[in-house]
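Here is a short report on one protein model. Please look over the sequence and the fold before reading on.

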Amino acid sequence: MSARLIRARNALETFVSAAKDGNIAAADNFAAPFSAVIAAAARSPSSMPIPSSNSGSDPFTETVETFESAFAVAEKTYEEVCLDTYEMGTVPNHHVFSAFLRCIAKHTALDSSEREHKVQRTFEEACHAGELSGPVMEGIELSLGGSLLAVPELREQAVPEFWSRNVPREFKYKAKGKK
């Protein structure tokens with residue numbers, strides 16, 4: 001993992017601990033620290049060596065490095081925010097969905113069924129949450145190699161208002177060609 005990703009994940013864990021201890025006042029949404037981890041994973045190399053923590057006397061195992069996938073960290077963090085794992089009332093917002101889509105674009109194989117499935121699932125979750133925004137649509141385009149037509153629901157230029165009901169106006173999606 002990159003140093004940035006490690007720092008972001010450590011900051012998230014510190015935040016969660018402080019929130020659970022009551023040291024952070026309740027907010028409308030605690031999604032920002034989760035989004036920061038996912039965004040850091042999107043900017044990280046796909047995998048990086050992590051020095052082994054083995055302290056045994058075997059010289060071979062002392063030099064073995066394990067690989068932690070930046071995408072695995074992003075997926076874990078995405079699931080934590082979507083499932084409200086820490087029971088803080090956390091709800092994913094369009095920043096979380098957008099960052100995760102950028103992660104999918106960087107860390108999964110283009111034209112793979114894995115990528116297609118993850119993009120479709122993330123799109124559906126964003127729509128259900130009312131968080132389909134311009135940045136989410138950009139993440140979908142990036143993940144699908146520039147084509148929104150791969151997502152059947154996006155073949156129409158107009159998207160239902162309830163798909164973006166929770167998105168601030170400045171982040172609303174505007175279809176190309178629409179004013």
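## Basis

This is a predicted model: local features need pLDDT of at least 70, side-chain atom pairs count only at pLDDT 80 or more, and totals for chains, interfaces and linings use all residues. Residues are numbered from 1 along each chain as its sequence is written, and side-chain values use heavy atoms, with hydrogens and water left out.

## Fold

The protein chain has 7 helices and 2 strands. Both are DSSP runs, numbered from the N terminus: helices are H or I with at least four residues, strands E with at least two. Along the sequence the pattern reads α-α-β-α-β-α-α-α-α.

Of the 179 residues in the protein chain, 41% are buried. Buried means under 20% relative accessible area, exposed over 50%, and partly exposed in between (1.4 Å probe, protein chains only).

## Helix 5

Helix 5 covers residues 94-107. Its 14 residues should span 20 Å at 1.5 Å a residue, and the end C-alpha atoms are 20 Å apart, which agrees. The expected span is 1.5 Å times one less than the number of residues.

This helix is mostly covered, with 11 of its 14 residues buried. Among them are V96, F97, F100, L101 and I104. L101 has 0% relative accessibility. The C-alpha atoms of L101 and R115 lie 9.6 Å apart, and the two residues are 14 apart in sequence.

## Salt-bridge network

The structure holds 6 salt bridges. Each is a side-chain nitrogen of Lys or Arg within 4 Å of a carboxyl oxygen of Asp or Glu. R9 pairs with E13, with the closest N and O atoms 3.3 Å apart. These two are 4 residues apart in helix 1 (residues 3-20), so about one helical turn separates them. R9 is buried at 8% relative accessibility, while E13 is partly exposed at 40%.

R9 also bridges to E80 (2.9 Å, N to O). That pair links distant parts of the chain: R9 sits in helix 1 and E80 in helix 4 (residues 70-83), 71 residues apart. E80 is buried at 6%. E80 bridges to K76 as well, at 3.8 Å, N to O. K76 is partly exposed at 45%. Shared partners join R9, E13, K76 and E80 into one network.

## Positive patch

R4, R7, R43 and R102 gather in a surface patch of positive charge. Patch residues have over 30% relative accessible area and no salt bridge, and like charges are joined within 9 Å. R43 lies in the loop between helix 2 (31-42) and strand 1 (47-51). R43 is partly exposed, at 49% relative accessible area.

Conventions
Patch = residues over 30% accessible without salt bridge, like charges linked within 9 Å, V, L, I, M, F, W, Y side chains within 5 Å. Areas by Shrake-Rupley, 256 points an atom, 1.4 Å probe, with all protein chains shown as cover. Lys, Arg positive; Asp, Glu negative; His and termini not counted. Charge placed at Lys NZ, Arg CZ, Asp CG, Glu CD.
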